[in-house]
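Biologist: Please take a close look at one part of this model for me. I would like the surroundings of the ligand, and then whatever connects to them.

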Amino acid sequence: MGETDGRRAVANFEGKVAFITGGGSGIGRGVALRLAQDGADVCVSDMDLEAAEETGELVRKAGRKALVVRANVASEPQVLDAVSACVSGLGRLDFAVANAGIARGGSILEFALKDWQDQLDVNLTGVFLSVQAAARRMVELGHGGRIVCMASLAAANTGASIWGYSATKAGVRIMVRGWAQELGPYGITVNAIGPGIIDTPLAHALAGDEGGAIRASVEQRTPVGRVGRPEDIGGLVAFLCGPDGEFMTGSYLIIDGGLRDARTQADPDPNDPRVRELQQHMQASMKRRQRTQTLLDDR
Ligand SMILES: NC(=O)c1ccc[n+]([C@@H]2O[C@H](COP(=O)([O-])OP(=O)(O)OC[C@H]3O[C@@H](n4cnc5c(N)ncnc54)[C@H](O)[C@@H]3O)[C@@H](O)[C@H]2O)c1
């Protein structure tokens, strides 16, 4: 069993194979690394091949086999090819993590249909296609499996501008309950995870920078006193994939350091430096979003 940042590995995944969508960044990379540290070989799938290659290198450095594939989760042929490549390249499929997602926010008065559609395509259709392809393979292979879908705390809570994102994540949260009913008899569990604010490129505007005012505000509001890390989610996925996760299926597991019940802050004061910092972060996020959009439009 491996060690991860002082955390004790909970399972020995030697001989197991994991398939992860959106494995090139943030949570997906954290999950890939944790499963590799626990002994699994990993197929890292992402529409950003360069990013996926970087994760693949980290998996190899952890001493495990990595297979890297480019696939847009919103494309059925690409998802089918990716899952096939995983099984032929790494020999089996034990764990599938439908993690790829995007966040498109905005007021109902302005929200563009294209943003709505893109978000549905990736966050809902992408999860459906990934789970369907993985589950069919697991049934064919006949040795059961574990499927984990990345929902969000936003599947339970919502607010201005994130209601569309919430709708997609609430969809994931409810779909796993139905899938659990169908897949249980094949020895396959399927669960959804609801992360709070995790320090990744997607949530940079919310998580802020280490030592910055936004980060301090998140730390102050979060009962455990820190922002979430990709390895926190990696640990939960390892639990769900391990022997102790066998009896859990159809569940939605919030992992947010207690943020969901934290006191909401008063309306922001426009003269507050934290509000200015947030605006700068939003601009940086927009730049990153343009890159993701180019990749999506390219599909
Ligand atoms: N970071 C958070 O605070 C947070 C909180 C709750 C839920 N989540 C969810 O966790 C998941 C991972 O988010 P993250 O924070 O690591 O984001 P991220 O932006 O750091 O990583 C997402 C990865 O998914 C890939 N991706 C995006 N669209 C894709 C597509 N159509 N096909 C294939 N790959 C695609 C991107 O290239 C990127 O590598 C998402 O589903 C997100 O909604 C994140």
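Modeller: Helix α1 gives the largest share of the shell around the ligand, three residues. The model is a predicted one. In total, 32 residues surround the ligand. The closest are G22, G26, G101, L202 and A203. Three helices each supply at least two residues of this shell: α1 (26-37), α4 (113-141) and α9 (273-297). By class, the shell holds 17 nonpolar residues, 13 polar ones and two charged ones.

Helix α3 (residues 76-90) packs with α4 at an angle of about 35°. The two axes are 9 Å apart. The crossing of α3 past α4 is right-handed. On the α3 side, E76, V79, L80, V83 and V87 make the contact. On the α4 side, L129, S130, A133, A134 and R137 make it. Sorted by class, the residues of this contact are seven nonpolar, one polar and two charged.

Strand β8 deserves a stop. N191 is found in this strand. N191 counts as buried because it has 25 C-beta neighbours inside 10 Å, and 20 or more is the cut-off. Leaving aside neighbours within four places in sequence, N191 is in contact with V148, V176, L240, M248, T249, G250, S251 and L253. M175 is 16 residues from N191 in sequence, and their C-alpha atoms are 9.4 Å apart.

R70 lies in strand β5 (residues 66-70). R70 has 17 other C-beta atoms within 10 Å, so it is partly exposed. Leaving aside neighbours within four places in sequence, R70 is in contact with D46, M47, L49 and A52. A180 is 110 residues from R70 in sequence, and 28 Å away in space, C-alpha to C-alpha.

Technical notes:
Residues numbered from 1 in each chain as written. Predicted model: local features only at pLDDT ≥ 70, side-chain atom pairs only at ≥ 80, totals over all residues. Near = placed C-beta within 6 Å. Helix = DSSP H or I, 4+ residues; strand = E, 2+ residues; numbered from the N terminus. Nonpolar A, V, L, I, M, F, W, Y, C, P; charged D, E, K, R; others polar. Axes fitted to C-alpha atoms, helices over the stretch in contact; angles between N-to-C directions. Left-handed = near helix turned anticlockwise from the far one by under 90°. Contact = placed C-beta atoms within 7 Å. Buried ≥ 20, exposed ≤ 12 C-beta atoms within 10 Å, placed from the backbone.
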